[in-house]
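Let's take a friendly walk through the ligand site, the pockets and the cavities of this protein. Have the viewer ready and follow along.

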Amino acid sequence: MLLKIQNTESVSREELEMILTTEDEAFVQELYRQARETAREYYGNQIYIRGLIEFTSYCKNNCYYCGIRCGNKNAQRYRLTTDQIMECCETGWNLGFRTFVLQGGEDPCYTDEKICQIVRQIKEKYPDCAVTLSIGEKSRESYEAYFEAGADRYLLRHETANEKHYRKLHPEEMSLSYRKNCLKILKEIGYQTGCGFMVGSPGQTIDTLYEDLMFIKELKPQMVGIGPFIPHQDTPFKAEPAGTLEMTLRLLAVIRLIQPGVLLPATTALGTIHPKGREKGVLAGANVVMPNLSPVDVRDKYKLYDNKICTGDEAAECKACMSARMKSIGYEVVTDRGDYKG
Ligand code: SAH
């Protein structure tokens, strides 16, 4: 059955249910093996690193799952200046990072002009690096302006492809069709585009996951970001259970098999729910890790969920730790832009 997925790059609703619920450990190990072999065909034993710069914790949105939602009055808010962002890049470049990911809440304080200016400055100083933006839903004009300024990639998780599920996770003023359209536009403009979702978010079912996978197949993104949902104490979902390691690993493997060349991170959230989560993610088909380059004094203020790891570590420690972790399972963190090879 697995070989069938690998060859057809598709999965049926029934196969998905079986893969996600089976207790046959040998089957699951075979799933992971096939997924990591597939990743190896494209990327060998190389793991791409992205330097994550969380530049603002202000957000105008109020997503029920997220710790930096505007309704969370306990959240500590900060913004990085352009100079601070450039310092993060300098530290990162010296450590071998060749991709910088600028992520933040949807913060109107960073106008299009400001974002473009930051992107231009990074690309001017580090022409050998890729810049990824992860700053939410914008207009086509804004996305075009960032692209012209030099942004290479854009991450915008769709969160769920199912309308009813989307409504359970987001307040009324947000819309799934708008978000899906943003992804379509990003791809049209020419960004290496990433969608994705949380595993185990409240209301998620095998059916909604199946829709997520069909959405991925249709969009054909260059990147897919998935990680477990982890409750945050100051959100409406504080009492909801977290997504599991097992479910996340199985979904990573399925995504690798249906979209073989995809850039697939083993996320910080995965590392948060299990001490070896990111290693296990790579062994289930992931090929990207995203250590944090944000200044240490703001790290614990960018809290999307509780118990986030590495909030006290300097960038150099994070890089060294990640290299050692990957080496321990036979992989090598490389100094490379890490573009899509699919
Ligand atoms: N404002 C940007 C960046 C969002 S943060 C945007 O809208 O795209 C990046 C991702 O973190 C989100 O897309 C979401 O999937 C994830 N996230 C948010 N809250 C989370 C939680 N409680 N547990 C796990 N992941 C979470």
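## Around the ligand

Please keep in mind that this is a predicted model. Sorted by class, the shell around the ligand holds ten nonpolar, five polar and three charged residues. The shell counts 18 residues, and those that come nearest are Tyr65, Gly104, Arg157, Glu159 and Ile230.

A polar backbone atom of isoleucine 230 is 2.7 Å from a nitrogen atom of the ligand, and a polar backbone atom of tyrosine 65 is 3.0 Å from a ligand nitrogen atom. On the side-chain side, arginine 179 places a polar atom 3.2 Å from an oxygen atom of the ligand. On its own the ligand has 560 Å² of accessible area, and the protein covers 91% of that.

## The largest pocket

Which pocket holds the ligand? The ligand sits in the largest one, where the space comes to about 1,100 Å³. Its lining is made up of 50 residues, and Gln103, Ser134, Arg157, Tyr302 and Leu304 lie nearest the centre of the pocket. Two or more lining residues come from each of the strands β2 (51–56), β3 (99–104), β6 (192–199) and β7 (223–228), and likewise from the helices α11 (268–273) and α14 (315–328).

If you colour by element, look for α14: this helix provides the largest share of the lining, five residues. By class, the lining of the largest pocket has 27 nonpolar, twelve polar and eleven charged residues.

Which element gives the most to the lining here? That is α4, with four residues. By class, the lining of the second largest pocket has six nonpolar, three polar and three charged residues.

## Cavities

How many cavities of 30 Å³ or more are there? The count comes to three. In the largest cavity there is about 80 Å³ of space. Its lining is formed by Arg50, Val101, Thr132, Arg153, Leu155, Met223, Leu263, Pro265, Val288 and Met290. Seven of these lining residues are nonpolar, one is polar and two are charged.

The second largest cavity has a volume of about 40 Å³. Phe55, Thr56, Gly105, Glu106, Asp107, Tyr110, Ile115, Ile135 and Lys138 line this cavity. By class, that makes four nonpolar, two polar and three charged residues.

## Back to the ligand

To finish, return to the ligand in the largest pocket. The backbone of tyrosine 65 and the backbone of isoleucine 230 each bring a polar atom to a ligand nitrogen, while arginine 179 brings a polar side-chain atom to a ligand oxygen.

How values were computed: Residues numbered from 1 in each chain as written. Predicted model: local features only at pLDDT ≥ 70, side-chain atom pairs only at ≥ 80, totals over all residues. Heavy atoms only, no water. Near = heavy atom within 4 Å. Polar contact = N/O pair within 3.5 Å; in protein donor to acceptor, adjacent residues only side chain to side chain. Areas by Shrake-Rupley, 256 points an atom, 1.4 Å probe, with all protein chains shown as cover. 1 Å grid on protein atoms, 1.4 Å probe; cavity = no way out; pocket = protein on both sides within 12 Å on 5 of 7 lines; lining within 4 Å. Sits in = over half its atoms within 2 Å of the grid points. Nonpolar A, V, L, I, M, F, W, Y, C, P; charged D, E, K, R; others polar. Points joined across faces, edges and corners; volume = space filled by probe spheres on them.
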